[in-house]
Amino acid sequence: TADQVFQHHFAIRVPGLSAPLRAHLITQPANRDVPQIKPFDLRINGLSYFSMCRIFQLGTPKMTSRPVGKKSGRGSNRGGGEDD
């Protein structure tokens with residue numbers, strides 16, 4: 001039904017990276033009372049699609065970045081994404 005949440009985790013293996021990327025696909029019903037909740041989200045290593053920088057922001061100070069090798073990611077990205 002339309003009021004159910006679907007979640008799926010999977011790994012993305014990229015040649016040249018030492019570990020696979022963790023992907024988390026989330027679908028949930030839209031909520032007009034909470035507009036920041038999107039009906040669809042894709043998180044890569046805990047960073048929401050909606051927090052990722054746009055192509056024109058790459059290499060600029062607005063680029064979202066996360067410290068490498070840090071296990072606890074809460075609050076570590078400047079884009080406001082959440083860990084899953």
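How much accessible surface does the chain have, and what share of it belongs to carbon and sulfur atoms? The accessible surface comes to about 6600 Å², and 57% of it belongs to carbon and sulfur atoms. Accessible areas here come from the Shrake-Rupley method with a 1.4 Å probe, and for residues only the protein chains shown count as cover.

Before going on, a word on the model. This is a predicted model, where local features need pLDDT of at least 70 and side-chain atom pairs count only at pLDDT 80 or more, while totals for chains, interfaces and linings use all residues. Residues are numbered from 1 along each chain as its sequence is written, and side-chain values use heavy atoms, with hydrogens and water left out.

Now the secondary structure. The chain has zero helices and four strands, in the pattern β-β-β-β along the sequence. Helices (H or I, at least four residues) and strands (E, at least two) are DSSP runs, numbered from the N terminus.

The four strands form an open sheet in the order β1-β2-β3-β4, with antiparallel pairing. At the edges are β1 and β4 (47-48), each of which pairs on one side only. Two strands pair if DSSP finds at least two bridges between them.

Take the pairs in turn. Strand β1 (residues 6-12) and strand β2 (residues 21-27) are antiparallel and share seven bridges. Across that pair, F10 stands opposite A23, and I12 stands opposite L21. Strand β2 is also joined to strand β3 (residues 40-44), by five bridges and again antiparallel. There, H24 stands opposite R43.

The R43 side chain makes a polar contact with the side chain of D41, at 3.3 Å. A polar contact is a pair of N or O atoms within 3.5 Å; within protein, one must be able to donate a hydrogen and the other to accept it, and residues adjacent in sequence count only if both atoms are side-chain atoms.

Over the whole chain of 84 residues, 18% count as buried.

Last, a residue outside the strands. I55 lies in the segment after β4. I55 is exposed, because its relative accessible area is 71%.

Definitions and conventions:
Buried < 20%, exposed > 50% of the residue type's maximum accessible area, 1.4 Å probe, protein only.
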